[in-house]
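These are my notes from going through one model. I took the overall layout before the details.

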Amino acid sequence: MTNTNPGKKDVDSYKIKRTKKIVQQGDCVLMRPVDPKRLPYVARVEKLEADSKNNVKVRVRWYYRPEESLGGRRTFHGAKELFISDHYDWQSARTIEGKCIVHSFKDYKKLENAGDDDYFCRFEYKAATGDFNPDLVAVYCKCEMPYNPDDFMVKCEGCKDWYHPSCLKMTIEDAKNLEQFICSDCPLDDDA
Ligand SMILES: [Zn+2]
Ligand SMILES: [Zn+2]
């Protein structure tokens with residue numbers, strides 16, 4: 001009896017073709033979509049394996065873009081928002097075209113200049129049901145929406161809630177020029 005198993009072995013890293021970038025376990029990568037008009041897929045590399053011909057395959061955990069989720073993109077979703085899903089696959093490492101960084105929401109908000117390769121994730125997404133975890137998040141403003149880091153908001157010095165200038169019928173410029181803002185629900189301080 002001969003062993004016909006093609007002898008897979010774990011590998012530590014993979015160099016992205018025509019680049020100097022090295023992919024390792026835990027890295028977030030951009031993968032070439034089948035349809036070149038689409039945005040690249042984003043995934044986290046869980047494991048790397050090579051077959052006897054040294055073809056590397058990666059076990060990936062997919063990130064979903066809001067438009068790829070069952071509920072679609074909502075107004076509070078940031079342009080660079082991703083959901084970490086419960087959907088895993090094996091993919092050829094050759095489809096990896098770049099690396100990216102998926103920040104926590106907290107870290108992303110602190111970035112001075114988010115670059116093309118910076119994304120953030122604040123929700124886990126169940127691909128089969130479309131459910132999110134957490135399913136409840138803090139909401140702000142009169143519109144009672146979760147925070148979208150792409151949108152400028154102004155803070156009320158009274159209730160400490162945050163507001164979209166547009167929901168206050170104000171321009172962003174007006175809001176930026178305010179010395180302090182008190183919302184219509186908060187009593188005005190006469191001494192101020
Ligand atoms: Zn609002
Ligand atoms: Zn207020």
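Predicted model: local features only at pLDDT ≥ 70, side-chain atom pairs only at ≥ 80, totals over all residues.

**Entry 1. Layout.** I wrote down the order of elements along the sequence: β-β-β-β-β-β-β-β-α-β-β-β-β-α. Next I looked at the overall dimensions. The C-alpha trace spans about 90 × 35 × 30 Å along its principal axes. Buried residues come to 22% of the 192. Of the contacts with a separation of 6 or more, 49% are between residues 24 or more positions apart.

**Entry 2. Domains and annotation.** How is the protein divided? I find domain 1 at 9-136 and domain 2 at 152-192. Their C-alpha centres lie 38 Å apart. I then checked UniProt: an unreviewed entry carries the annotation "domain: BAH" over residues 21-136. That span is 51% strand and 5% helix, and its end C-alpha atoms are 38 Å apart.

Entry 3. I started from strand 4 (28-31). Strand 4 pairs with strand 5 in the antiparallel sense over four bridges, and M31 stands opposite Y41 there. Strand 4 is also joined to strand 8 by four bridges, again antiparallel; in that pair L30 faces G98.

I moved on to strand 5 (41-50) and strand 6 (56-64). They run antiparallel and are joined by eight bridges, with K47 opposite R59. Strand 6 in turn pairs with strand 7 (residues 81-92), antiparallel, over seven bridges. One partner pair I noted there is Y63 and I84.

**Entry 4. The two faces of strand 4.** In a regular strand the side chains alternate between the two faces of the sheet. Which residues of strand 4 point which way? C28 and L30 point one way, V29 and M31 the other, and all of them are buried.

Entry 5. In soluble globular proteins, nonpolar side chains tend to be buried together. I looked for the largest nonpolar core and found 29 residues in it; V42, A43, Y63 and C121 have the most contacts inside it. At least two residues of this core come from each of strand 4, strand 5, strand 6, strand 7, strand 8 (96-104) and strand 9 (118-126).

I followed V42 further. Setting aside its neighbours within four places in sequence, V42 is in contact with C28, L30, Y63, L82, C100 and Y119.

**Entry 6. R122.** Is R122 buried or exposed? I took 20 or more other C-beta atoms within 10 Å as the cut-off for buried. R122 has 21, so it counts as buried. R122 sits in strand 9. I also checked its separation from L82, which is 40 residues away along the chain: the two C-alpha atoms are 7.8 Å apart.

**Entry 7. Backbone exceptions.** Most residues other than glycine have a negative phi, and most peptide bonds are trans. I went looking for departures from this.

Where does N54 lie? N54 is in the loop between strand 5 and strand 6. Those two strands form a hairpin with five residues between them, and N54 in the turn has a positive phi of about 65 degrees. N54 has 8 other C-beta atoms within 10 Å and is therefore exposed, the cut-off being 12 or fewer.

K160 also has a positive phi, near 65 degrees. I place K160 in the loop between strand 11 and strand 12 (162-163). With 9 C-beta neighbours inside 10 Å, K160 is classed as exposed.

Which residues does the cis peptide bond join? It joins N133 and P134, with omega about -5 degrees. P134 lies in the loop between strand 10 (131-133) and strand 11 (154-155).

Technical notes. Residues numbered from 1 in each chain as written. Chains lettered and ligands numbered in written order. UniProt positions renumbered as here; feature names shortened; annotations may be inferred. Domains from an automatic or database assignment. Pairing = 2+ DSSP bridges. Contact = placed C-beta atoms within 7 Å. Core = buried A, V, L, I, M, F, W, Y, C linked by C-beta atoms within 7 Å.
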